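Please examine the sequence and the structure shown below.

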Amino acid sequence: MTHVEHVPARQAGDVRWPEWVDQRLVTRWANHGISGLWPHQAEAAESLHRGQNVIIATGTASGKSLSYLVPALSAVLDGGTVLYLSPTKALAADQLRSLRELDPPELRAAVYDGDTPFEERAWTRRYANYVLTNPDMLHRGLLPRHSQWSSFWRRLRMVVVDECHGYRGVFGSHVAQILRRLRRICARHGSSPTFMLSSATASEPEVFAMRLTGLQMAAVTTDASPRGATTFALWEPPLTDLRGEGGAPIRRPATAESADLLADLVASEVRTLAFVRSRRAAESVALTTRARLQDLVVGAGAPADLPGKVDAYRAGYLAEDRRALERALRSGELLGLATTNALELGVDVSGLDAVLIAGWPGTRASLWQQAGRAGRDGQDALAVLIARDDPLDTYLVHHPEALFGRPMETIVLDPANPYVLGPHLCAAAAELPLTHDDLDVFGPAAKEVLADLVADGLLRERATGWFWTSRGRATDLADIRGAGGAPVQVVEMSTGRLLGTADEASAHTAVHTGAVHVHRGETFLVVELDLEAGVALVEAGTPDYTTFARDVTDISIIESLASHALGPGELHLGSVEVTNQVVGYLKRRAQSGELMGEEPLDLPPRTLRTRAVWWTLPASAVAALAGEGLDLGGAAHAAEHAAIGLLPLFATCDRWDIGGVSTELHADTGLLTVFVYDGHEGGAGFAERGYARARDWLTATREAIVSCECERGCPSCIQSPKCGNGNEPLDKAGALRLLAVLLSPDGSPLPEHTTDMTART
Ligand SMILES: [Zn+2]
Ligand SMILES: [Zn+2]
């Protein structure tokens with residue numbers, strides 16, 4: 001255990017209703033046990049009512065929906081309309097259900113998405129005053145046929161963008177442009193709605209909200225809802241005697257540690273939920289836990305029914321099975337449950353004492369969502385985060401302030417990405433010809449992109465503006481959920497069932513032939529990836545190993561867009577061309593993490609133009625470090641791996657969204673250079689964020705390496721599961737020196753012995 005944090009209980013603030021809330025609404029809410037708004041809800045609602053755009057970024061279960069429902073339903077009573085956007089159809093359906101239960105006066109609410117029957121669509125367009133839809137439908141349905149919605153737009157008072165932290169990266173950039181198109185259409189129909197965004201907690205939510213909407217935004221971030229106290233423990237599995245790549249030590253897997261902790265908690269009658277990544281892992285944790293408890297029955301005389309009180313949650317449960325499970329957990333018949341986060345979908349198990357989280361779930365929002373499952377009726381709860389074998393997890397369990405202090409991760413997107421902006425300018429022109437005045441809405445990059453679109457024959461420029469003259473649908477140009485390239489369909493071979501799609505880029509790493517592919521917690525083995533047919537054929541299976549695709553990358557600089565000194569070196573942000581090829585994959589034993597071997601793959605290289613952040617070190621500094629006997633290639637390579645692992649601490653991405661290249665001598669810079677690039681065509685904002693927070697990011701990178709007690713490097717610090725060079729060469733001590741020099745404030749190399757290589761336990 002590396003840290004214990006006591007998160008104190010929070011008393012609820014006073015509740016009240018703003019005076020402008022109609023008595024009929026107050027009565028409806030009172031019937032549902034709601035006696036007013038907490039201070040943060042009231043603050044958001046008051047701002048919205050005044051016409052101020054707001055983002056509310058508070059924790060789960062802090063009542064964010066009430067803060068927009070109050071002004072939204074007030075606007076409806078006043079004769080206005082409301083547009084509600086959710087990232088998923090399921091959430092919109094959920095919202096509609098609770099609106100119908102509340103049954104406020106004058107409300108005519110309807111979901112408008114791909115599943116809405118044709119006859120209902122006409123009714124919705126004409127009569128609904130509260131329309132629930134998603135960005136996809138707004139893009140393909142509402143905006144292109146905006147004239148059919150004119151009475152809705154004319155009275156539109158409020159746009160609610162729910163769960164907007166999902167709009168990140170390339171997808172977020174698309175949504176940002178769709179919202180700009182929406183604003184333009186509203187303006188043409190004579191309305192200027194207020195925007196209300198609801199988000200999980202994040203750093204600088206108002207900056208994100210402004211990027212997403214293009215509007216000035218106020219942020220509400222102080223949560224005044226009540227909660228019980230939580231004891232939060234951070235846990236790092238020990239190194240084992242097993243050896244992995246290059247003889248590196250391997251940590252005990254987070255799932256094995258989870259099983260031990262689950263057994264201890266269940267034996268103490270603590271009701272516990274353990275979150276793991278796959279259904280197969282959930283089953284193995286449940287099995288191992290039962291075996292440990294059986295040992296207790298035999299060895300220590302524990303009650304004979306103890307092992308039977310642990311189970312794994314299966315995603316395929318029917319509704320009645322789920323209700324039975326909820327009952328068993330509530331009654332104490334079941335004390336331990338291992339599950340994937342598929343549990344989030346439809347089981348109500350709030351009555352627990354403890355939650356185990358095997359591996360950083362990617363964002364603070366998900367961490368607290370999972371931890372929030374513990375704490376019965378405001379009682380105290382226990383949560384444990386168990387680190388997986390990677391640099392970000394290592395950093396986090398040694399730096400609790402990153403988890404419990406102010407949030408560091410911002411939600412990044414890049415609406416100016418020309419690959420995103422271009423298609424939406426075409427779509428906008430098809431909706432209504434673009435005028436010079438419209439350019440402000442789409443940002444400063446619009447002018448240049450428009451010129452390219454005209455040159456490519458996609459738009460025609462006339463004296464009054466830009467016109468879409470093709471017969472085709474402009475909206476088909478934007479693939480808003482993909483990252484470009486034709487999607488690959490993931491199909492179950494024996495049944496022909498379509499499990500999902502992967503864009504072409506991620507297909508190479510996620511569903512290559514031989515990959516173990518986890519889909520909604522279920523494990524599949526990819527039998528064949530056929531890129532020409534656009535299909536990955538998979539079979540359900542229970543392989544006892546996991547796979548990691550490895551790639552090799554070449555990078556050339558197109559232009560540097562910004563730069564400044566960093567220690568003796570230079571930091572740059574710019575556009576690059578990356579050629580990337582997946583060359584094989586690693587197999588690691590699921591139970592122990594032990595390396596089983598590497599299989600080659602024959603996939604074509606892919607070229608993308610994207611953004612990168614890179615740093616260089618001058619020859620003089622390199623010579624000084626070489627004089628100390630460092631392997632500079634290994635040092636730069638190790639620093640690159642760890643930096644990729646740590647960027648998700650500052651930007652909501654995962655390490656598979658970004659890549660890197662390091663070299664002692666790069667052809668374009670003539671210097672030692674380390675690149676970290678955005679894995680999406682045109683960039684998604686990740687490299688930009690790395691550039692903006694370079695000093696903090698590289699400091700955290702260095703600390704992640706320092707925190708790991710291995711001697712020469714392991715998967716918890718500098719080894720990367722996706723390295724195309726087989727994690728060769730790597731120099732852990734060298735990486736620490738290199739980063740220390742780069743981070744030295746005055747550019748002078750630090751004395752040699754500041755490098756802390758001692759083990760920390
Ligand atoms: Zn290590
Ligand atoms: Zn590498």
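Which protein donors hold the zinc ion (ligand 1), and at what distance do they lie from it? They are C708 (SG), C710 (SG), C714 (SG) and C717 (SG), lying 2.2 to 2.4 Å from the ion. Donors are N, O and S atoms within 2.8 Å of the metal (3.2 Å for Na, K and Ca), and water is not among the atoms, so sites may look incomplete.

This is a predicted model, in which local features need pLDDT of at least 70, side-chain atom pairs count only at pLDDT 80 or more, and totals for chains, interfaces and linings use all residues. Residues are numbered from 1 along each chain as written, chains are lettered from A and ligands numbered from 1 in the order written, and side-chain values use heavy atoms, without hydrogens and water.

Along the chain, the donors of the zinc ion (ligand 1) have the spacing C-x1-C-x3-C-x2-C. The site is tetrahedral, with angles of 98 to 121 degrees among the four donor atoms; four donors count as tetrahedral if all angles lie between 85 and 135 degrees. Both C708 and C714 are buried (under 20% relative accessible area, 1.4 Å probe, protein chains only).

Seven strands (DSSP runs of E, at least two residues) form an open sheet in the order β4-β5-β3-β6-β7-β2-β8, with parallel pairing. Strands pair if DSSP finds at least two bridges between them. The edge strands, each pairing on one side only, are tabulated here.

| Edge strand | Residues |
|---|---|
| β4 | 109-111 |
| β8 | 218-220 |

Three bridges join β4 to the parallel strand β5 (residues 130-133), and V111 stands opposite L132 in β5.

Conventions: Four donors count as tetrahedral if all angles lie between 85 and 135 degrees; four count as square planar and six as octahedral if opposite donors are over 155 degrees apart and all others between 65 and 115; anything else is irregular. Buried means under 20% relative accessible area, exposed over 50%, partly exposed in between (1.4 Å probe, protein chains only). Helices (H or I, at least four residues) and strands (E, at least two) are DSSP runs, numbered from the N terminus.
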